[in-house]
Amino acid sequence: MPLPSLYNSQGRGILQRTWFRAQPRTKTIRTVIIKASADVQKEDIVIVGAGIAGLATAVSLHRLGIGSVVLEQAESLRTGGTSLTLFKNGWRVLDSIGVADSLRSQFLEIEGMTVNLEDGRELRSFRFKDEDQTQEVRAVERRILLEMLANELPPETVRFSSKLANINSSENGETLLKLTDGTRLLAKIVIGCDGIRSTIAKWMGFSEPKYVGHCAFRGLGFYPDGQPFAAKINYIYGRGLRAGYVPVSPTKVYWFICYNSPSPGPKITDTVLLRKQAKELVNNWPEELIRLIDLSPDETISKTPLVDRWLWPGLSPPASAGKVVLVGDAWHPMTPNLGQGACCALEDSVILTRKLADAIKSGPASVEGAIKAYGEERWPRVFPLTIRPNLVGALLQWDNQLVCSVRNNIVIPKLVRLGPVLEHTNFECEPLKA
């Protein structure tokens, strides 16, 4: 059964205003007086951003009978990009919201990983099940994941061409969202899922994500007659340069090239130039990598600077401000070196959903406390996962000959154990049931 709405059918508040009285804060956020007006739309829960975090949160809420509105600034789902690697913690969340099996049928399970040098010499090989029988790894096309999540939602849940212009906290604790088209929404709860350049995170006092010193080319090779690779992740390490590729499906293979750069450089949209630059970086590397780049459709090739933001204890703002809360990259952007960006966003979504559902059942006065509890529970989990990928990337991107020699001859062949490296993928998640 659906949980009770916070508004009646005419959009008027059915709960006393004291329910939304703001709690004392360490950061001052400007408040405004909102007068009753026909041009202000009232909503219970507004999710800003229809990426993985936003759609997963909306689906999780929907599974527990809680409606929401998802604002997406683009005209349609942002299905660009290539694929993302999901480990067992991500799959447990997808299982809990009921979409995992449909995805499993479309994407290959990855059995292990191999680390090679640019000259083809193998440094190390691992099998995931040898390290952890419960591990599950698959590379999933971002487009298919987004479309599957969106299709789980009631019609009209996602509102496209809805770009957030500004946000204000009202005197009674509600939040006023103004869109660039002039639309105004008054929300009881706002969930910011608007990515690494989050407008909501900036409003809450978070700093801009920091460039970490390297950029990545990415693409998705397409083999119409079937791709030839075994179901494993293939890494290739050089000096200040590394690459990798992983089968996604029987016909598609994801690849990346990560290189050092003192600055992100200009944004390039010319796919011919992007392809040319990517191939020049690995010109003398294994031939299968060059062929992968050649077989990638233009629309799948991209170059992005890698960024993150560390959540320093006592210095970074909390994950919530009253009844405004952050999920996913909006809160904890991280580099992709551990494959945990999407997994952590999925974890956030289901944890926040459970706390909100319990609070709404208990009574409206519990909601702000539940949102605060979400941030307190998640912080010890996400704080290390904003730092570890950065450190791993720094190690792998060294261009010093001596350091690379130690990495290639001692650290990777003799010291690295995959089990401890993937311990962060342990995450328990029960199915969501209304």
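The dialogue below goes through several helices and loop residues of a predicted model.

Biologist: How are two packed helices described?

Modeller: By the angle between their axes and the distance between the axes. Axes are lines fitted to C-alpha atoms, for helices over the stretch in contact, with angles from 0 to 180 degrees between N-to-C directions. Helices (H or I, at least four residues) and strands (E, at least two) are DSSP runs, numbered from the N terminus. Here the axes of α1 (residues 52–63) and α5 (residues 142–151) come within 9 Å and cross at roughly 30°. That makes the two helices roughly parallel; the classes are under 35 degrees for roughly parallel, over 145 for roughly antiparallel, 65 to 115 for roughly perpendicular, and oblique for the rest.

Biologist: Which residues of α1 and α5 make the contact?

Modeller: Ile52, Leu55, Ala56 and Val59 of α1, with Leu145, Leu146, Leu149 and Ala150 of α5. Contact means heavy atoms within 4.5 Å.

Biologist: At what angle do α9 and α10 cross?

Modeller: Roughly 160°, with the axes of α9 (residues 341–362) and α10 coming within 9 Å. The two are therefore roughly antiparallel. Residues that meet across this pair include Cys344, Ile351 and Leu352 in α9 and Ala370, Tyr374 and Leu385 in α10.

Biologist: Where is the kink in α11 centred?

Modeller: A bend at a residue is the angle between axes fitted to the seven residues ending there and the seven starting there. In α11 (residues 401–415) there is a kink of about 40°, centred on Arg407.

Biologist: Which residues of α11 are buried?

Modeller: Cys404, Arg407, Asn408 and Ile412. Buried means under 20% relative accessible area, exposed over 50%, and partly exposed in between (1.4 Å probe, protein chains only). The cover over these buried residues includes β5 (112–117), β6 (122–127), β13 (232–237) and α10 (367–396).

Biologist: What surrounds Asn408?

Modeller: Asn408 has 11% relative accessibility and so counts as buried. Leaving aside neighbours within four places in sequence, Asn408 is in contact with Leu117, Leu123 and Pro413. The side chain of Asn408 also makes a polar contact with that of Arg407, at 2.9 Å. A polar contact is a pair of N or O atoms within 3.5 Å; within protein, one must be able to donate a hydrogen and the other to accept it, and residues adjacent in sequence count only if both atoms are side-chain atoms.

Biologist: Which loop holds Lys163?

Modeller: The loop between β8 (158–159) and β9 (164–170). Lys163 is partly exposed, with a relative accessible area of 42%. Not counting residues up to four places away in sequence, Lys163 touches Gln73, Lys178, Leu179 and Thr180.

Biologist: What is the phi of Ser161 and of Glu156?

Modeller: Ser161, in the loop between β8 and β9, has a positive phi of about 50° although it is not a glycine. Glu156, in the loop between α5 and β8, has a positive phi near 70° and is likewise a residue other than glycine. Glu156 is exposed, with a relative accessible area of 68%.

Note on methods: Residues numbered from 1 in each chain as written. Predicted model: local features only at pLDDT ≥ 70, side-chain atom pairs only at ≥ 80, totals over all residues. Heavy atoms only, no water.
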